Amino acid sequence: MHYFIGNLGHFFTVTSFVTALLAAFSYYRATRSQQPDIRQEWTTNGRIIFLIHSLAVLGTILSLFVIIYNHYFEYYYAYTYSDRRLPAHYLFSTFWNGQEGSFLLWIFWHTILGIILIRTNRFWEAPVLTVFAAVQAFLTSMILGVVIPGLELKIGSSPFILLRDAINDPIFTVQPDFIPADGQGLNPLLQNYWMVIHPPVLFLGFASTLVPFSFCLAGLWTRKYRDWIRPALPWAIFSGASLGLGILLGGYWAYETLNFGGYWNWDPVENAVYVPWLVLIASIHTMISFKNSQTALKASIVLVIAVFVLILYSTFLTRSGVLGDASVHSFTDLGLSGQLLIYLFFFLIAGAVLAGVRWKEIPSDEKEASVYSREFWIFIGASVLCLMGFQVLVPTSFPVVNKVAGWFGLNSNLATPADQVAFYSRFQLWFAVALALLSGVGQFFWWKKIDKKQLFKELYYPFLATLVLFILIITLTKIYQPAYLILLLASLFTISANFKILWSVFRNSPSLSGGAIAHIGVGLMLVGILFSSGYSRVVSLNNTGMLISRQLSEEFNRENLLLFVNEPREMFGYEIEYKGERIEPRHKKGYISKRDIEFTSNPYKVIARKDIYYKGRKLFNKGDEFEINPENTFYEIEFRKNGEVKFVQYPRVQVNPQFGNMASPDITRKVSLDLYTHVSAPMTEEAKQDWSEREEIRIKRNALFFANDYVARVEELMRVYNLAGEPLDSSFLAIKARITVEGERENYTAEPVLIFGTQSRGGLLADEIPELGLRFTLMNVHPQTDELTIGVESRQKDWVVIKALEKPWVNILWLGTALLMTGFGIAISRRFREFRLMREKGLE
């Protein structure tokens with residue numbers, strides 16, 4: 001038992017909590033002090049304590065990673081989320097797979113951001129770090145795992161709890177120091193490279209929203225109502241970029257890994273992150289408006305506070321268990337609901353009270369904004385973004401409303417939309433139209449002081465370009481649905497208008513081009529979403545006139561194809577053919593037929609039955625033992641034109657312990673579309689075992705015989721000394737028959753084994769050729785007559801049901817996301833450069 005590392009990690013956790021409280025107190029005293037020397041003393045104390053806090057957080061992280069990396073399965077966290085076979089890079093995914101680890105990741109980013117602020121902004125250090133340290137105290141309390149004696153009150157959930165303390169198993173009564181030989185492992189669905197990248201980026205976005213929030217509260221607290229905007233703005237843009245990138249990476253993971261046919265499913269957890277991002281983008285625009293024209297200060301304060309509160313609310317939604325089965329992404333409830341609510345309401349009340357007390361003192365622009373002013377258009381745009389978020393937030397919060405109503409004895413049965421995609425898309429489409437039009441028109445007011453006449457002059461060429469593109473696209477793509485036509489027109493307009501702005505700005509000052517590039521990116525994203533989602537179509541249409549199954553819906557029977565091994569079908573202009581089930585070796589690239597391997601008693605290890613090649617490259621020699629992931633089965637589907645193989649797809653089905661069978665698509669990417677194919681129904685185990693009654697055939701060795709209309713021959717008999725990778729006991733004699741069967745496209749081999757026992761009964765090991773639906777058993781050997789008795793059974797040969805979709809112009813969406821992030825990057829660089837210059841002049 002490795003007690004030391006767990007105790008050390010817990011010590012670091014407690015230290016990080018205590019030092020967060022002490023740092024908050026020190027910085028609070030520094031902010032309140034009127035005497036410069038005392039203020040400096042408290043600030044220095046706070047700085048030192050926060051650095052100690054950061055080191056304690058790092059110590060906690062390293063302690064947990066040591067436990068995971070060394071497979072100390074006596075700890076519940078390592079046992080639950082890892083195993084010995086997990087590749088090293090997925091150990092990082094293991095780290096943040098559980099609630100405690102993801103809280104630690106969030107805390108870690110806060111310490112990094114806090115240290116950067118200490119080094120770069122001494123003027124705001126005390127009030128800003130007061131808020132920072134207070135937030136850290138709440139977050140570190142989530143992983144304390146401390147029980148207060150007498151009150152039976154548990155504070156947080158520790159990642160260092162021992163397995164015997166976490167689960168009630170009789171073995172720990174008999175053997176308290178019992179350590180499992182292996183862990184349960186990381187959910188196979190999360191063993192994806194995007195899950196190594198996506199969570200850190202997303203939590204960086206979460207963490208970075210604290211920076212503008214801290215500056216905002218610091219400005220209100222110290223009555224520097226105008227001054228906080230300048231240092232907060234670069235961080236708000238950075239937060240918008242990192243949180244947006246985290247959302248996009250999550251969408252791309254879903255597109256590649258899940259089988260709902262897209263990148264966004266309006267899942268409650270997805271919505272819980274999407275809403276604060278929308279409000280964050282609105283706050284960025286109002287902050288820019290104030291920085292340039294001293295308007296929208298109050299709106300900026302409200303929105304910045306709202307962003308952080310919404311981040312905390314999304315944390316409550318995903319971690320409290322309130323969503324229940326409404327989301328596949330939510331965490332299980334660890335009993336932290338009360339703490340999360342206290343965390344949420346503390347900062348909601350703190351922000352609201354501080355803003356309310358100072359509200360009358362906050363300067364505001366009494367002048368009414370003109371319709372032709374940039375401030376007016378920014379305000380309208382920010383309002384649309386907030387309404388866009390509100391429309392998503394309300395239905396997503398129905399489970400919370402039901403639970404709160406239950407606390408007061410009321411019966412509330414509000415249900416989230418049954419068809420989430422249709423429900424949210426119906427509203428969000430029109431918000432997107434409004435945003436596209438506003439971001440197109442608003443840019444001209446932002447860069448130029450124009451009146452009504454000048455506006456029409458400026459918009460003439462963008463509008464002309466929009467009409468030309470619009471007519472060209474609808475002529476080629478046959479778009480007829482009115483809502484889609486309007487969205488396309490608005491999207492093309494914002495692209496054209498912002499391209500004109502970009503052309504004029506980039507020639508004079510490229511550093512000012514970030515906004516125009518980002519808005520072009522948004523326009524392209526809307527066009528990509530319109531085509532890839534609105535005009536995604538099923539191409540796996542069942543035109544045979546035969547039902548796949550009477551028990552399945554009419555839609556399923558119409559939109560899915562039943563493929564039998566080696567029987568070509570027509571689909572999407574290709575001749576497609578299912579070639580059989582494949583597995584993937586763990587440490588080499590390629591796919592291997594299950595017929596070419598022999599399974600062993602260890603489900604993760606197999607033996608090559610022959611030399612194995614993939615795309616002309618030799619992977620394994622005959623007899624080599626290698627590792628696989630047994631939960632994954634790939635289905636090889638060949639696409640041909642005029643007899644030539646154009647490409648091959650390998651959609652996957654994964655036996656997932658948490659979600660059951662999970663189908664993941666294989667995607668063939670072209671410039672104009674993606675062909676997105678996934679398995680709708682793999683062949684069931686019942687169907688695989690539905691063998692006919694065994695027919696026994698007595699034949700001469702090497703003689704031809706028929707097996708369910710296929711020609712077969714026993715090529716040779718041989719004695720074997722190993723079975724399933726294990727040596728055979730000397731009291732047994734095993735004989736293997738190699739039987740060759742002539743299939744439609746190739747010859748197949750079956751190797752049944754007959755075992756004789758000298759001291760006990762022997763056995764019969766049958767061998768299957770699933771591609772032909774045959775199973776052979778070596779029943780007996782008759783050496784006197786040189787004959788064999790072969791048992792032959794048949795069933796339906798292997799099949800799979802697939803669904804394939806065409807995702808047109810989805811690459812426009814990915815191009816738009818790249819431009820959006822590029823625009824953010826340019827804007828961040830510019831704003832931080834401005835801040836650095838102001839600081840060097842002593843103005844920050």
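A residue is termed buried under 20% relative accessible area, exposed over 50% and partly exposed in between, with a 1.4 Å probe and protein chains only. The structure is a predicted model, in which local features need pLDDT of at least 70 and side-chain atom pairs count only at pLDDT 80 or more, while totals for chains, interfaces and linings use all residues. Residues are numbered from 1 along each chain as its sequence is written, and side-chain values use heavy atoms, with hydrogens and water left out.

The chain comprises 844 residues, of which buried residues make up 54%. Its C-alpha atoms fill a box of roughly 110 × 75 × 55 Å along the principal axes. Secondary structure amounts to 23 helices and 31 strands, taken as DSSP runs numbered from the N terminus (helices H or I, at least four residues; strands E, at least two). The chain exposes about 38700 Å², with carbon and sulfur atoms supplying 59% of this area; accessible areas were computed by the Shrake-Rupley method with a 1.4 Å probe, and for residues only the protein chains shown count as cover. Of the contacts with a separation of 6 or more, 68% are between residues 24 or more positions apart, contact meaning heavy atoms within 4.5 Å.

The structure holds 53 aromatic pairs. Rings of Phe, Tyr and Trp (its six-membered ring) pair if their centres lie within 6.5 Å, and planes under 30 degrees apart count as stacked, over 60 as edge-to-face and the rest as tilted. Tyr 263 and Trp 814 form an edge-to-face pair, at 5.8 Å centre to centre and 75° between the planes. Tyr 263 lies in the loop between α11 (229–257) and α12 (268–293) and Trp 814 in helix α23 (residues 810–840), so this pair ties together parts that are 551 residues apart in sequence. Tyr 263 counts as buried because its relative accessibility is 10%; Trp 814, at 19%, is likewise buried. A stacked pair is formed by Phe 620 and Phe 626, with 3.8 Å between centres and 10° between planes, and both residues are buried. Ring pairs also link Tyr 263 and Trp 814 into a cluster with Tyr 193, Trp 194, Tyr 252, Tyr 255 and Tyr 676.

Charged groups are also placed over rings, the criterion being NZ of Lys or CZ of Arg within 6 Å of the ring centre and within 35 degrees of the ring normal. The charged end of Lys 588 sits over the ring of Phe 620, 4.5 Å from its centre. That of Arg 85 sits over the ring of Tyr 604, at 3.4 Å from the centre.

Asn 542 is found in the loop between β3 (537–538) and α21 (554–559) and is buried, with a relative accessible area of 15%. Beyond its neighbours within four places in sequence, Asn 542 is in contact with Ile 548, Asn 557, Arg 558, Asn 560, Leu 561 and Arg 569.

Positive phi values occur in two loop residues other than glycine. For Asn 642, phi is near 55°; Asn 642 is placed in the loop between β13 (632–641) and β14 (644–649) and counts as exposed, at 85% relative accessibility. Asp 786 has a positive phi of about 55° and is found in the loop between β29 (774–782) and β30 (787–794). At 36% relative accessibility, Asp 786 counts as partly exposed.
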